[in-house]
Amino acid sequence: MDELLSPEQLLSSLTQIEEAFRSDIAKVATLADLQQVRAKYSGKKGLVTAKMKALSSVPDPVQKKEFGRRINELKNFVEDSLKGRELLLKEGEQERRLLTEKIDITLPGKSVQFGRTHPINQVLSEIKDIFVSMGFGIEDGPEVELDHYNFEALNIPRDHPARDMQDTFYISDDVVLRTHTSPVQVRVMEKTKPPLKIIAPGKVYRCDADVSHTAMFHQVEGLMVDTDVSFGDLKGVLELFIRSFFGKDTPVRFRPSYFPFTEPSAEVDIGCVFCKGAGCRVCKTTGWLEVLGSGLVNPRVFEMTGYDPARYSGFAFGMGVERMTMLKYSIDDIRLFYENDLRFLRQF
Amino acid sequence: MKVSFDWLKEFVDVTVSPQEVAHRLTMAGLEIEGMEIVGSDVVFEVNVTPNRPDCLSILGIAREVAAVFGLPLKMPDMVVKGVQTESTVTVEIADSDLCNRYTGRSILGVTIGDSPQWLKNRLEKCGIRSLNNNIIDITNYVLLELGHPLHAFDEDKLHGRKIRIAKAGHNRSITTLDGADRELSYDMLLIWDGKDPVAVAGVMGGEGSSVNSDTRNIFLESAYFEPTSVRRTSKALGLKTESSYRFERGTDIIFLENALNRAALLIEQTGGGNIHQIVDAYPEKYVERPVEIAYDRINSLLGTALNKAEILETLQRVGVRTEDRGEKCIAIAPPYRRDIREYYDILEEVARIYGFDRIPARIPKTALSDGILNSKEVSVGRIKETVRKTGFTEVINYSFMNGTDLELLSIPAGDSRRSHIEVMNPLRQEDSLMRTTLLPSLLNNFRYNLSRGTRDIRLFEISKIFVDEGGQLPKEKLMLGGIFFRENMPSVWKDETPSFFTAKGTVDCIFDEMKIKGQSYEPSSEAFLHRGKSADIVLDSVRIGFIGELAPVVVEKLDLKISKPEIVVFEMDLDKFLSLAPDKLTYVQIPRYPAVERDIAIVLDEDISSAKVMSDLSAYISGFIEGVELFDHYKGKNIPQGKKSLAYRITYRASDRTLTDSEVEDVHARLVDYILQKTGGQLRA
């Protein structure tokens, strides 16, 4: 059959096969179609395979070589095309399968619902972090305290009008619920030699309750003692603290005041965070808000704890954490902190 | 204290606005808390600190204004001129330690009547109501103006026209001006006439000797009473007056004579009468207290560089006399400044008049503290974060509890939670005990939130409790308490873990976080917990807390209006817990050879606890067993009644080679035999 064909005929039959293949493969839509096309051309009885077999019957070696080259080209072309086509078809099939596995990605994730930290403790941590970063240590002391540590050792003797400044809960004549965390300072001074740089955070108690007072609240008091501590140092440290906490452009002023355990004593005011100093209800139109009490440690307190006031000086300060928190989050009723309503607590 | 700006201007020629005066006074330590316009006048609300009784008057504020602005002070007429008849009243001080000076003047033949309008207006602006009695109004006027309390007696009612200042002694009572009968105690200082007590010294006059519209002859008192004595008496009687307020803070023993004269002159001016000679008993003379201070001490303590002249000028402004002694100065405070007693009082005067704002701020150069963050602080922080991340929100409660709380929880007698301490003066009876457990507060928080419609209530608190152990102060223990309640939370992704185990998971997380091992859960005998769903948390044979579902009887008493709630509570002693924490962690080498895992499922009696099986498995001695993990717990279909199935995954590993299959098979088979025999169980089919 084929041996009867002239070389020209042979070559043109290859061209026909190639064109037929191009047309067939273009019509392939599925892997099954592809299988048929593969059988038709490169299967055992395929058209290209048949041409390969016919090669041996070409007598002229020159023609045979030329024919062999062409047939090989065709074979490679067919096989590459089939392979390429198969790859594309397989990808498509997988794509279709993945689509059937599709999920609604907008369904909620299974998240772990964390609880929240009480806002007072969040702010307390922030305050502690600022002072710790300035090299202050943290000290703790009893909440039920001896009158001696809460008052006497802080230069507030019995029958002194300064006792009126703090409404006190009594357990007995000699034992009170501490009205400030200052007794911690005294206890630390009794057992530690200067220099000293500490803060004492914790709960304190006053028998007083209204929109701005609760029977219990939190204070952070601080103390720094060394051989050359001045009022200028007090200003430097507290200004740095206030700017860290309220923002670096916060106006700060120091105003003389009175505390029995410091002298000179200073109230520290910041520019009102609500009206920016213009005057509003919260700052009683003054443009300033009181945030800290402070002063140079009264040498009498040093004498009572065994520090030599001729050699050492120091400053102390104290602030109410509730007040700081109220200013930070614009909270107008202090009692919210102790109602522990989850709708409140989860906001922080 | 209220201060009229117009009145103030009679004492000092200040030309700047009231606002400016208020600002400068505030910055010098006299805080002006408010300003109110009254007609053409401005009234200041001044916050006077307890150390500055000298500022409790118009004169006192005027002195400060004069000092701050460097202006001279103008004084009213305080000299009684002309020839006066001798006093008709005699004065005797019996307790001179409590009354250092007592002066008085008789004014005979006065006309009692209404006060002039200007005087009434001033009283009213400063918050004192006129009593339509010129004598009483004038004593109040002088009190406001000069800061010295005065008292007017009806001289005709003084027995024997005698005044005697002595303690109450035995069994005395007095009816005070306000009509109240006052029980007196032994040490209270009284003013007596020839027979009876006529006033509580420095606090309030007696009704019997008081001035009324029929009074013709008065005896005016101006005295100095010892502050502590007045304060004790005022507190004991529960009677706080304008007089006692000033006496207990300290008055001016020299100036009191001027106040007496000023009042006498005003009485004469408005009610006529004849002013008699002063009677002056003055047994304890005022002694000046010179204070010495070095100039460079002032500068080093303030952080300033003031020169000598600046310091001396500043002190003179506040009425302090100074004598320069080269490196230091001697400062003598005026008698009205009893707060200036030490060098640091002088320091304060310099600082506040110079201006705190002018003192340069600096960052201190000091040594660092040791123990910047104490380890307990860090540990508690980690525990708090762990609990929070398992879904609990932190609460803070008052440290108080109600006695009935312990009844609700059926805390037995003898339990340490019954050893509470009590507040003598609670705000509310419900808040009279200091907490010995955090549970009552958490139950309150739970009820509060539940009643507001919240159905996912997971709360915890870390706070101290207070247990009376017989010492002077109670033992303070740091506790962790929690409450867990989630009512059928509808959710896309189901989680059917029972509440008890979710909460227990939180407790286990704390142990894991703190790397504390070996906790066990043993049946609890807490009466407020569900008998079958509660456990004591035990570590190293020490009970450190409990966890469990609230007993139905307690839930019932809470009256929650929801049916069969599963409320799980826990409480742990963190001090004990942390004392058992390892001091340090040491790294263990990561295994180099692979592990082989084998599972075993056992069907056994349901009364055998999983912890028991676990401990039996862990006790089996083999060098190859690395870990045992419970991964299934099942009761129900295919498992006989009264039985349960527990499945464990055993991890085998050798540290020096890869185990062969036959080695693993061998040890696993022996372990299976062992555990079946130990538990009396069977392999699950």
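A: The C-alpha centres of domain 1 and domain 4 of chain B lie 54 Å apart; domain bounds here come from an automatic or database assignment. The model is a predicted one, in which local features need pLDDT of at least 70 and side-chain atom pairs pLDDT 80 or more, while totals for chains, interfaces and linings use all residues. Residues are numbered from 1 along each chain as written, chains are lettered from A and ligands numbered from 1 in written order, and side-chain values use heavy atoms, without hydrogens or water.

Chain B is divided into domain 1 (2-69), domain 2 (90-281), domain 3 (290-357), domain 4 (375-488 + 497-579) and domain 5 (596-683). For chain A, the assignment gives domain 1 (2-100) and domain 2 (119-345). The C-alpha centres of these two domains of chain A are 92 Å apart.

On a 1 Å grid over the protein atoms alone, a cavity is a set of points where a 1.4 Å probe fits but cannot get out; a pocket is an open set with protein on both sides within 12 Å along at least five of seven lines, and lining residues have an atom within 4 Å of a point. Points are joined across faces, edges and corners, and a volume is the space filled by probe spheres set on them.

The largest cavity has a volume of about 160 Å³. It is lined by 16 residues, of which Pro53(B), Asp54(B), Leu146(B), Gly147(B) and Asp252(B) are the closest to its centre. Both domain 1 (2-69) and domain 2 (90-281) of chain B contribute at least three residues to this lining. Helix α3 (residues 58-69) of chain B supplies the largest share, three residues; helices (H or I, at least four residues) and strands (E, at least two) are DSSP runs numbered from the N terminus. By class, the lining holds six nonpolar, six polar and four charged residues, where Ala, Val, Leu, Ile, Met, Phe, Trp, Tyr, Cys and Pro are nonpolar, Asp, Glu, Lys and Arg charged, and the others, including Gly, polar.

The second largest cavity has a volume of about 110 Å³. Among its 16 lining residues, those closest to the centre are Gly29(B), Thr49(B), Asn51(B), Arg52(B) and Arg352(B). Two elements give two or more residues to this lining: β6 (252-259) of chain A and α11 (343-354) of chain B. Six of the lining residues are nonpolar, four are polar and six are charged.

Among the open spaces, the second largest pocket has a volume of about 1,500 Å³. It is lined by 33 residues, and Phe501(B), Lys504(B), Tyr521(B), Ser610(B) and Ala611(B) are the closest to its centre. Two or more lining residues come from each of α15 (499-513), β23 (519-523), β24 (529-539), α18 (610-619) and β28 (625-634) of chain B. The element that gives the most is α15(B), with six residues. At least three residues are drawn from each of domain 4 (375-488 + 497-579) and domain 5 (596-683) of chain B. The pocket lining comprises eleven nonpolar, nine polar and 13 charged residues.

Helix packing can be described for one pair in each chain. In chain B, the axes of α4 (residues 117-125) and α5 (residues 134-146) come within 10 Å and cross at roughly 55°. α4(B) is therefore oblique to α5(B). In chain A, the axes of α3 (residues 47-54) and α4 (residues 61-100) also come within 10 Å, and they cross at roughly 160°. α3(A) and α4(A) are therefore roughly antiparallel. Axes are lines fitted to C-alpha atoms over the stretch in contact, with angles from 0 to 180 degrees between N-to-C directions; under 35 degrees is roughly parallel, over 145 roughly antiparallel, 65 to 115 roughly perpendicular and the rest oblique.

Some backbone details of chain A complete the account. Most residues other than glycine have a negative phi, and most peptide bonds are trans. The Pro194(A) to Pro195(A) bond is cis, with omega near 5°, and Pro195(A) lies in the loop between α7 (182-191) and β4 (196-205). The bond from Glu263(A) to Pro264(A) is likewise cis, with omega near -5°, and Pro264(A) is placed in strand β7 (residues 262-271). Asn155(A), a residue other than glycine, has a positive phi near 65°; it is found in the loop between α6 (147-150) and β3 (175-177) of chain A.
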